[in-house]
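Here is a short report for a reader new to this structure.

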Amino acid sequence: MTGRDGGLRTPGAPLLLLIHGAAAVLVCAALGATLWTGLDEPGNALAFGALIAVGETARRGAAPGEREPAPLGAAGALAYALLGECGGRATTHGVLQVVAVVVAATLAGAVPHAARGHGPVPDHLVRRVLTAGFAAACFQPLYNSGELDHWAHGSAYALFLLVLLVLTALCDAVLGAALRRARTGHPYGPLLRDRLRSLIGIGSAVCATGAVIALAVTVAGLWALPVFCAPLLLTQLSFRRYAAVRATYRQTIASLARSTEIAGYTRPGHARRVAGLSRAVGRELGMTGPDLTVLEYAALMHDIGQLSLVDPVPEGSTALLPDAQQRRIALLGGAVVRRTGVPAAVAVVVERQADPYRDQPLAARIVRTVNAYDDLTRGTGTHGANALEALERLRLATGRDHQPEVVESLARVLARGEHTGLTPVPHG
């Protein structure tokens with residue numbers, strides 16, 4: 001969303017400025033101190049910097065709006081932050097050098113992406129800097145002062161690293177959710193839960209690998225780095241393939257949803273608009289992960305039952321039909337969806353979108369309300385009185401057809417105008 005001056009205006013601009021400002025201060029201090037005193041152990045800095053840069057260069061594969069995974073770069077940054085010895089010799093680099101190397105390597109790895117028109121994402125860089133800085137601040141002073149030698153031996157040292165890894169992962173999750181909240185205005189709790197859930201998968205693998213790399217370099221020296229690059233690169237390749245399959249699957253569903261438009265049963269772009277707006281409303285109501293995917297697929301295919309009709313509904317506006325006819329179309333659509341191979345939960349949402357809202361799952365309530373809004377505005381739902389009138393009609397129907405919380409969430413999303421980049425609807 002942009003302001004009148006054309007600058008970026010986000011729901012949480014003060015929080016965004018605070019986080020970015022903290023990262024900027026840390027980066028300036030780190031680069032200034034490193035340039036003033038020079039690099040300690042340049043070989044170590046160059047080796048870990050190269051590892052991080054390679055990981056950033058290989059970063060690719062996330063869907064729009066999702067964070068791009070860079071397991072190799074993240075693990076390399078964490079390993080350098082936790083590095084105390086290299087080949088049996090104690091290191092002397094400190095917190096500020098860790099931050100300087102991480103920043104320089106991340107920017108170097110982003111050069112190929114910038115050449116293709118995809119420069120470094122500010123939030124990604126901020127998270128990388130603050131997370132690496134947090135881990136280094138917890139480890140390097142204790143190690144360099146010799147405090148760890150007094151009490152952290154054997155299992156105690158392993159336990160210390162484990163606790164530090166958990167705290168670092170939590171720090172990254174909190175930062176990621178806060179930045180997402182500041183950018184979109186979505187509820188913080190569900191965003192944090194989504195980040196914490198991701199720690200169970202690739203997040204825990206990255207943290208563990210970062211610690212193992214640091215321990216391996218302690219014994220074997222820098223030759224341990226290429227050994228541990230291979231598993232993470234294979235992991236990243238697997239993620240790319242998974243992302244490609246998921247994108248193809250979604251494109252297939254979107255193409256099937258467009259069949260109603262091609263056949264003249266619905267207005268052009270109706271399924272896409274309902275899906276995009278439903279997903280935004282779902283996030284506003286706290287839905288995350290697989291639930292959002294089910295919601296999006298159901299919204300794309302909610303009108304597929306119209307293909308079973310002999311005569312098309314005028315302009316495809318099912319929200320204006322009698323209840324019995326709406327339910328018939330919904331049941332026909334559910335039967336079609338069940339034959340496409342999508343999850344059964346998607347078919348349930350499509351089948352129940354015409355039921356009274358108290359009998360519906362949340363996803364069906366959202367699809368019903370958003371579909372009605374798009375039908376009432378004829379697909380031009382961001383233009384003044386037309387949109388406000390549609391929202392008022394939805395509010396008047398909250399006794400049976402629409403859940404009040406869903407309608408108000410829709411109003412807030414439209415007021416921000418963030419769901420599809422359309423013009424915000426004024427509050428009425």
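## Helices α3 and α4

Start with helix α3 (residues 71-81) and helix α4 (residues 95-115): their axes come within 10 Å and cross at roughly 160°. That makes α3 roughly antiparallel to α4, a term for angles over 145 degrees. The crossing of α3 and α4 is right-handed. On the α3 side, Ala77, Tyr80 and Ala81 make the contact. Contact means heavy atoms within 4.5 Å. The residues of this contact divide into six nonpolar, one polar and no charged.

A few conventions apply. This is a predicted model, in which local features need pLDDT of at least 70 and side-chain atom pairs count only at pLDDT 80 or more, while totals for chains, interfaces and linings use all residues. Residues are numbered from 1 along each chain as its sequence is written, and side-chain values use heavy atoms, with hydrogens and water left out.

The largest nonpolar core has 45 residues. A nonpolar core is a set of buried Ala, Val, Leu, Ile, Met, Phe, Trp, Tyr and Cys residues joined through side-chain atoms within 4.5 Å. Buried means under 20% relative accessible area, exposed over 50%, and partly exposed in between, with a 1.4 Å probe and protein chains only. Phe48, Tyr80, Leu82, Phe139 and Val217 touch the most other members of the largest core. At least two of its residues come from each of α2 (42-57), α3, α4, α5 (122-144), α7 (155-184), α8 (188-220) and α9 (224-257). The largest share, 10 residues, comes from α8.

Take Val217 as one member. Leaving aside neighbours within four places in sequence, Val217 is in contact with Phe48, Leu83, Glu85, Cys86, Gly87, Leu222, Ala224 and Leu225. A second, separate core has 42 residues, including Ile253, Leu292, Leu295 and Val407. In soluble globular proteins, nonpolar side chains tend to be buried together.

## Glu41 in its loop

Glu41 sits in the loop between α1 (13-37) and α2. Its phi is near 45°, a positive value in a residue other than glycine. Most residues other than glycine have a negative phi. Glu41 is partly exposed, with a relative accessible area of 23%.

## Helices α13 and α14

Helix α13 (residues 323-338) and α14 pack at an angle of about 165°, with their axes 7 Å apart. The two helices are therefore roughly antiparallel to each other. Their crossing is right-handed. From α13, the contact takes in Ala330, Leu331, Gly333, Gly334, Ala335, Val337 and Arg338. From α14, it takes in Ala344, Val346, Ala347, Val348, Val350 and Glu351. These residues divide into nine nonpolar, two polar and two charged.

In α14, Val346, Ala347, Val349, Val350 and Glu351 are buried. The cover over the buried residues of α14 includes α12 (289-300), α13 and α15 (362-377).

## Val350 in α14

Is Val350 buried or exposed? At 1% relative accessibility, Val350 counts as buried. Val350 belongs to helix α14 (residues 344-351). Setting aside neighbours within four places in sequence, Val350 is in contact with Ala298, Met301, His302, Ala330, Gly333, Gly334 and Val337. Val350 and Leu295 are 55 residues apart along the chain, and their C-alpha atoms are separated by 9.6 Å.

Terms used
Axes fitted to C-alpha atoms, helices over the stretch in contact; angles between N-to-C directions. Helix = DSSP H or I, 4+ residues; strand = E, 2+ residues; numbered from the N terminus. Parallel < 35°, antiparallel > 145°, perpendicular 65-115°, else oblique. Left-handed = near helix turned anticlockwise from the far one by under 90°. Nonpolar A, V, L, I, M, F, W, Y, C, P; charged D, E, K, R; others polar.
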